[in-house]
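Reader: I'd like to learn how to read the side-chain packing of a model like this one. Could you take me through it, feature by feature?
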Amino acid sequence: MNSYCIAVVDDDQHIRELVEAYLRKENYRTVGLSTAEEAWQLWKSNPPDMWVLDIMLPGMDGYEFCRRIRNEAEVPIIMISARDNEVDKILGLELGTDDYMVKPFSPRELVARVKRQLGRMHKLQQSMHASQPVSSSQSIEVGQLQLLVEERRAFWSGEEVDVTSKEFALLKVLAERPNRAFARDEVLTMLWGDDYFGSDRAVDHLIKRLRKKIEQLPVEAVWGHGYRLRMEGAESV
């Protein structure tokens with residue numbers, strides 16, 4: 001029996017039940033919800049392993065819900081919409097969704113993409129655990145930034161900062177090689193895997209979130225390339 005639980009958020013009951021039926025055939029557990037407000041309550045009480053999320057919802061829309069989730073975690077999100085507009089797709093990817101499907105879509109294709117996202121999440125989790133140091137005391141300190149690697153905790157000027165797993169992973173990449181310029185594609189591969197579907201704007205959004213949480217974080221954009229953590233006196237590797 002598959003242990004993953006997938007929440008399907010869509011105000012169209014027919015689509016919601018159809019998607020759930022196909023997912024249950026693959027032995028996934030499902031929860032069907034018609035509003036983002038209900039989904040947010042589920043996230044706070046019993047968070048699922050993945051979201052299949054419609055954009056056009058009554059009340060809070062899918063974009064806002066995605067934004068809220070991404071401020072807290074990196075759980076996979078597949079966004080579905082009747083909008084076949086490049087701007088909508090880009091916005092969804094910038095907000096951190098992992099995939100985007102246009103209605104009407106094949107339920108079998110959706111299931112295939114669900115498997116792909118969960119498979120990548122599992123591989124990345126294994127990779128992160130395998131690369132963790134044995135000692136919980138290992139830390140990385142660059143300027144006012146301190147990272148406790150094993151505990152996956154971040155501090156700025158001695159104050160702890162609440163970061164998601166990918167935000168921490170990006171801070172670790174930058175802090176381990178201060179002043180080195182990382183290309184967006186390079187960051188995508190390191191954090192999302194080499195089969196990531198979305199746009200490299202996901203990196204821009206991740207940087208934006210970190211700058212919001214750590215206003216003085218000296219991350220510089222390298223025009224046409226990517227980003228670096230600028231630290232005076234630190235050697236680039």
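This is a predicted model: local features need pLDDT of at least 70, side-chain atom pairs count only at pLDDT 80 or more; totals for chains, interfaces and linings use all residues.

Reader: How is the geometry of Trp 51 and Phe 65 described?

Author: A pair of aromatic rings is described by the distance of the centres and the angle of the planes. Rings of Phe, Tyr and Trp (its six-membered ring) pair if their centres lie within 6.5 Å; planes under 30 degrees apart count as stacked, over 60 as edge-to-face, and the rest as tilted. Here the centres of Trp 51 and Phe 65 are 4.9 Å apart with planes at 75°, so the pair is edge-to-face. Trp 51 belongs to strand β3 (residues 50-54) and Phe 65 to helix α3, 14 residues apart. Helices (H or I, at least four residues) and strands (E, at least two) are DSSP runs, numbered from the N terminus.

Reader: How many aromatic pairs does the structure hold?

Author: There are 2. Trp 40 and Phe 65 also pair edge-to-face, at 6.2 Å centre to centre and 90° between the planes. Trp 40 sits in helix α2 (residues 36-45) and Phe 65 in helix α3 (residues 62-70), so this pair ties together parts 25 residues apart in sequence.

Reader: Which residues touch the most other members in the largest nonpolar core?

Author: The general idea is that in soluble globular proteins, nonpolar side chains tend to be buried together. A nonpolar core is a set of buried Ala, Val, Leu, Ile, Met, Phe, Trp, Tyr and Cys residues joined through side-chain atoms within 4.5 Å. In the largest one, with 32 residues, Leu 147, Leu 170, Leu 171, Leu 191, Leu 217 and Leu 229 touch the most other members. Helix α6 (165-176) is among the elements that give two or more residues to this core, and α6 gives the most, with 7 residues. A second, separate core of 23 residues includes Val 9, Trp 43, Ile 55 and Tyr 63.

Reader: And charged side chains: how many salt bridges does the structure hold?

Author: Side chains of opposite charge can pair when their charged atoms come close. The cut-off for a salt bridge is a side-chain nitrogen of Lys or Arg within 4 Å of a carboxyl oxygen of Asp or Glu, and the structure holds 22 of them. One joins Glu 26 and Lys 115 (3.0 Å, N to O). That bridge links Glu 26, in the loop between α1 and β2 (29-33), with Lys 115 in helix α5 (residues 107-130), 89 residues apart.

Reader: Is Asp 99, which meets Arg 113 in a salt bridge, buried or exposed?

Author: Asp 99 counts as buried, at 1% relative accessibility. The Arg 113 to Asp 99 bridge is 2.8 Å, N to O. Elsewhere, salt bridges that share partners join Arg 70, Glu 74, Asp 98, Glu 167, Arg 209 and Lys 213 into one network.

How values were computed:
Residues are numbered from 1 along each chain as its sequence is written. Side-chain values use heavy atoms; hydrogens and water are left out. Buried means under 20% relative accessible area, exposed over 50%, partly exposed in between (1.4 Å probe, protein chains only).
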